[in-house]
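Please read the following report alongside the sequence and the three-dimensional view.

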Amino acid sequence: MRMLRWIVLLSALCGQAQAACNWPAWEQFKKEYVSTEGRVIDTSDARKITTSEGQSYALFFALAANDREMFATLLNWTQNNLAEGSLREHLPAWLWGKKGDNEWTVLDTNSASDSDVWIAWTLLEAGRLWKNDDYTATGKALLAKIAEGEVVKVPGLGLMLLPGRVGFAEEKHWRFNPSYFPPQVAQYFSRFGAPWTTLRDTNLKLLMETAPKGFSPDWVGYDKTHGWQVKAADVIGSYDAIRVYLWIGMMHDADPQKAPLLKRFNAMAAQTVKQGLPPEKVAIATGKVTGNGPVGFSASLLPFLQNRDAQAAQRQRVADNFPGADAYYNFVLTLFGQGWDQHRFRFNARGELLPDWGQECASSH
C-alpha cells in the first residue's frame with residue numbers, strides 16, 4: 001500500500017514538472033496562428049499574409065518553450081518559402097501571401113532586418129542550447145549575410161543596421177526604425193567582432209538620440225547635414241516603437257546599456273502610471289500623447305515598468321483581455337511580455353537565452 005502511495009505521488013510530481021514546462025499561451029498561439037506546414041498567418045490582411053517577422057518571433061517562442069519539433073517546422077517553411085531554400089545564402093523576403101486568385105508566393109522580395117537579426121540569434125541560441133551544429137552554422141552564415149546586405153556606413157554616425165536591403169539609404173538621407181535591433185541581441189552579436197561591436201554602440205546612439213522627450217519614434221530619418229529628423233509633427237511613436245520599451249525591459253540588469261536606456265525612456269513609464277495604461281500614439285517632438293494602447297502595449301510594458309503597482313495594473317489588464325484569434329501583433333507582444341513576466345525565459349548580460357525548461361522538460365524530447 002505504501003509503495004502504491006509513492007507511485008501515485010511520484011506520478012503527480014512528474015505531471016507537475018511537465019505542466020510547468022507547458023506554455024498554454026504558446027500552445028494557443030500555435031493553434032490559432034500557425035499552419036501545419038509551419039507558417040505564421042496574419043489574418044488581419046485579406047491575403048492571409050506571412051511576414052519574416054512573424055516567423056522570427058515564432059522561432060523564438062518555440063526555442064523558449066523547448067518545442068524542437070515546431071522550431072524545425074517553422075525553420076523549414078521559412079527557408080523554403082522566404083529564403084529560396086537556404087538561409088545561409090539568402091536573406092529572407094519579408095512578405096508572403098495570396099496573389100491573385102490562387103497563387104501563394106513572395107509578395108515583396110525586400111528583407112526586414114528586425115526579423116533577420118532575430119532569426120540569426122535564435123538559430124545561434126538553438127545551436128547552443130540544443131547542441132545542434134547545423135543551426136549554429138546557419139545562424140553564423142545568416143549573420144554574415146545581414147552584415148553584407150543590411151549594414152551601411154553613415155557619415156556622422158558610423159556603421160548602422162538598415163531596416164532592409166533596399167529603400168532606406170539615399171546619398172544624403174537614411175531611414176531607421178529604433179525597434180528593429182534589440183540591445184540584448186546587439187550585445188550577443190558583439191562576440192562575432194566587426195561590424196557587430198560597432199553596431200552595438202551605434203544602435204544605442206539611435207535609441208538615445210531620437211527620443212528628445214523620452215519616447216521612441218516608429219521611424220526616424222537621418223540627414224547628412226542636419227542630423228536626426230525628429231522635429232516634424234508626423235514623427236510619432238506607436239505600434240513599432242512599443243517594442244523598444246519591451247526589449248529594454250527584458251535586458252539583464254548587468255548589461256551596462258540598460259540603466260541609461262531606462263532613464264532615457266522614463267517618460268513612457270511615467271505616462272503609463274499617470275494614464276493607467278500605455279498611450280497609443282506619442283508625438284516625438286512634443287511628448288504629446290493620444291489614445292489608449294491595445295492590450296499588447298500593456299504586455300510589452302510588463303518587463304519595462306519599475307513601479308510594482310503600475311506593473312500589477314497592466315498584468316491584470318492582460319489577464320482580463322487576452323488577445324484572440326484575430327490579433328496577431330497583440331498576441332506576439334503578449335507572448336514576449338507576459339512570457340517574461342511569468343519567468344518563462346530571461347536574457348543574461350551577454351544576451352544569451354535563459355529558458356525555464358526544468359529537467360523534465362529538457363529530457364522529454
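Tyr222 stands opposite Trp228 in β8, and the two strands concerned, β7 and β8 (residues 227-229), are joined by three bridges and run antiparallel. Strands here, like helices, are DSSP runs numbered from the N terminus, with at least two residues (E) for a strand and at least four (H or I) for a helix; two strands pair if DSSP finds at least two bridges between them. This is a predicted model, in which local features need pLDDT of at least 70 and side-chain atom pairs count only at pLDDT 80 or more, while totals for chains, interfaces and linings use all residues. Residues are numbered from 1 along each chain as its sequence is written, and side-chain values use heavy atoms, with hydrogens and water left out.

**Strands and hairpins**

β7 and β8 form a hairpin with three residues between them. Strand β7 (residues 220-223) also pairs with strand β6 (residues 173-176), to which four bridges join it in an antiparallel arrangement, and there Phe176 stands opposite Val220. In a regular strand the side chains alternate between the two faces of the sheet. Both faces of β7 are covered, since Val220 and Tyr222 on one side and Gly221 and Asp223 on the other are all buried, where buried means under 20% relative accessible area, exposed means over 50% and partly exposed lies in between (1.4 Å probe, protein chains only).

A second hairpin is made by β4 and β5, again with three residues between the strands, and in this hairpin Gly156 takes a positive phi near 90°. Four bridges join strand β4 (residues 151-154) to strand β5 (residues 158-161), which run antiparallel, and Lys153 stands opposite Leu159 in β5.

Elsewhere, an open sheet of three strands has the order β1-β2-β3 with antiparallel pairing. Its edge strands, β1 and β3 (103-108), each pair on one side only. Strand β2 (residues 95-99) is joined to β3 by five bridges, the two running antiparallel, and Trp96 stands opposite Val106 in β3.

**Helix α14**

Helix α14 (residues 328-341) has 14 residues and reaches 20 Å from its first C-alpha to its last, close to the 20 Å expected at 1.5 Å a residue; the expected span is 1.5 Å times one less than the number of residues. This helix is mostly covered, with 14 of its 14 residues buried. Just after α14, His343 takes a positive phi of about 60°.

**Rings and charges**

The structure holds 43 aromatic pairs. Rings of Phe, Tyr and Trp (its six-membered ring) pair if their centres lie within 6.5 Å, and planes under 30 degrees apart count as stacked, over 60 as edge-to-face and the rest as tilted. Two of these pairs are set out below.

| Pair | Geometry | Centre to centre | Angle between planes |
|---|---|---|---|
| Phe60 and Phe61 | edge-to-face | 5.7 Å | 80° |
| Trp130 and Trp357 | stacked | 6.3 Å | 15° |

Trp130 lies in the loop between α5 and α6 and Trp357 in the loop between β13 (353-355) and α15 (358-362), so the pair ties together parts that are 227 residues apart in sequence. Both Trp130 and Trp357 are buried. Phe60 is buried, with a relative accessible area of 0%, and for Phe61, also buried, the value is 0%.

A charge sits over a ring if NZ of Lys or CZ of Arg is within 6 Å of the ring centre and within 35 degrees of the ring normal. By that criterion the charged end of Arg191 sits over the ring of Tyr188, 3.9 Å from its centre, and the charged end of Arg346 sits over the ring of Trp340, 3.7 Å from its centre.

Most residues other than glycine have a negative phi, and most peptide bonds are trans. Lys48, although not a glycine, has a positive phi of about 50°; this residue lies in the loop between α2 (24-33) and β1 (50-51), and at 42% relative accessibility Lys48 counts as partly exposed. Lys131, likewise not a glycine, has a positive phi of about 55°. The position of Lys131 is in the loop between α5 (113-129) and α6 (133-149), where Lys131 is exposed, with a relative accessible area of 73%.

Finally, a cis peptide bond joins Ala194 and Pro195, with omega about 0°, and Pro195 lies in the loop between α7 (183-189) and α8 (196-209).
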